Amino acid sequence: MKRRELGRTGIMVSEICLGTMTFGQQNTEAQGHAQLDLALEHGINFIDTAELYSIPPRAETYGATETIVGSWLKARGGRDRVILATKVVGRSTMPWFRPGGEETRLSPQQIRYAIEGSLRRLGTDYIDLYQLHWPDRRIGLFGEGGTTFTATPDPDEVPIADTLGVLGDLVNEGKIRHVGVSNETAWGVSQYLACAKTGAPRVASIQNAYNLINRTFETGLAEIAMREKVGLLAYSPLAQGYLTGKYLDGARPEGARTTLFNRGQRYEKPGVDAAIRAYIDLAHELGLDPVQLAVAFVTSRPFVTSNIIGATSIEQLKTILGSTEISMSPELEGKINAIHQIHSNPAP
């Protein structure tokens, strides 16, 4: 398992990161522990979670994933073997995150409340990478609005300087080591970088969706990621499982995430099925597993620091880990880009 530097931190993380959002609903504690064990055996040293998880977010399962990761850390020991990333929720009206059911904000008070909860559930004294799960600003999120700009300026926004200010305090207190953003825009990242010039923590990474049917990160953000060394932690490399082909023609396999939770609308837009078929046909033409091809493409991008994978079974996880054996040759990349030219970003 190759390793890459996390931003300018000097920390080397595995090119594959284990995402854990299924722990606590689709996966039991024992299953979560088994996945974490297998990941470490394969050289993964990077684990990503969030106070929001498990998914889908519900009051009954709030914090369940961090709790499972924490029980694994306690059972296995060796906290220093892993780079641990978690996230604080952005602006939201989900009432179970904060006392009194107040709207969640990226305010100093709320961030302090959130970090204490995450540290307690994870059973650790520090977080290696503390990420802002989504902005305090009102922008289109998780595929909402497609590629149409939907941000609405709001005088009630928590200033980025205020958010970074408390994160800087938490760094000084030793509760977090580094800071990252998630579901951000090019403008947002530029503002965080500008604040760093005044002494605030410098963001080390950006965690956004990136896969064969959503390469919108390449417009604007990819250059920032490379030139500024704010690398992409790519989530949904399999487009929530849609790139496996299991949901083609409206199929709903028993036990699959979309079958259980009906939350796949981002990947059910016009043109998606045609694009998925084209990539699956290419994989079969070359004698490759479509899952491994999709994951290997994301890992190979020069602006990607780590590719966040997720699975609900050990067999799925083994297949995904096999993607590291695929070499992204210029010829293969050319074939992928030819499909992308015809089926460009149907699921932004």
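Okay, let's start with helix 10: with four residues, helix 10 gives the most to the lining of the largest pocket. Helices here are DSSP runs of H or I with at least four residues, strands are runs of E with at least two, and both are numbered from the N terminus.

Quick background. This is a predicted model, where local features need pLDDT of at least 70, side-chain atom pairs count only at pLDDT 80 or more, and totals for chains, interfaces and linings use all residues. Residues are numbered from 1 along each chain as its sequence is written, and side-chain values use heavy atoms, with hydrogens and water left out.

So what's a pocket? On a 1 Å grid over the protein atoms alone, a pocket is an open set of points with protein on both sides within 12 Å along at least five of seven lines, while a cavity is a set where a 1.4 Å probe fits but cannot get out; lining residues have an atom within 4 Å of a point. Volume is the space filled by probe spheres set on the points, which are joined across faces, edges and corners.

The largest pocket holds about 1,200 Å³ of space. It has 48 lining residues, and Met21, Ile55, Ser236, Gln240 and Arg257 lie nearest its centre.

The second largest pocket has about 800 Å³. Among its 32 lining residues, Ile139, Gly140, Gly146, Glu184 and Thr185 are closest to the centre.

Now the cavities: there are two of 30 Å³ or more. The largest is about 50 Å³, and its lining includes Leu106, Arg137 and Tyr192.
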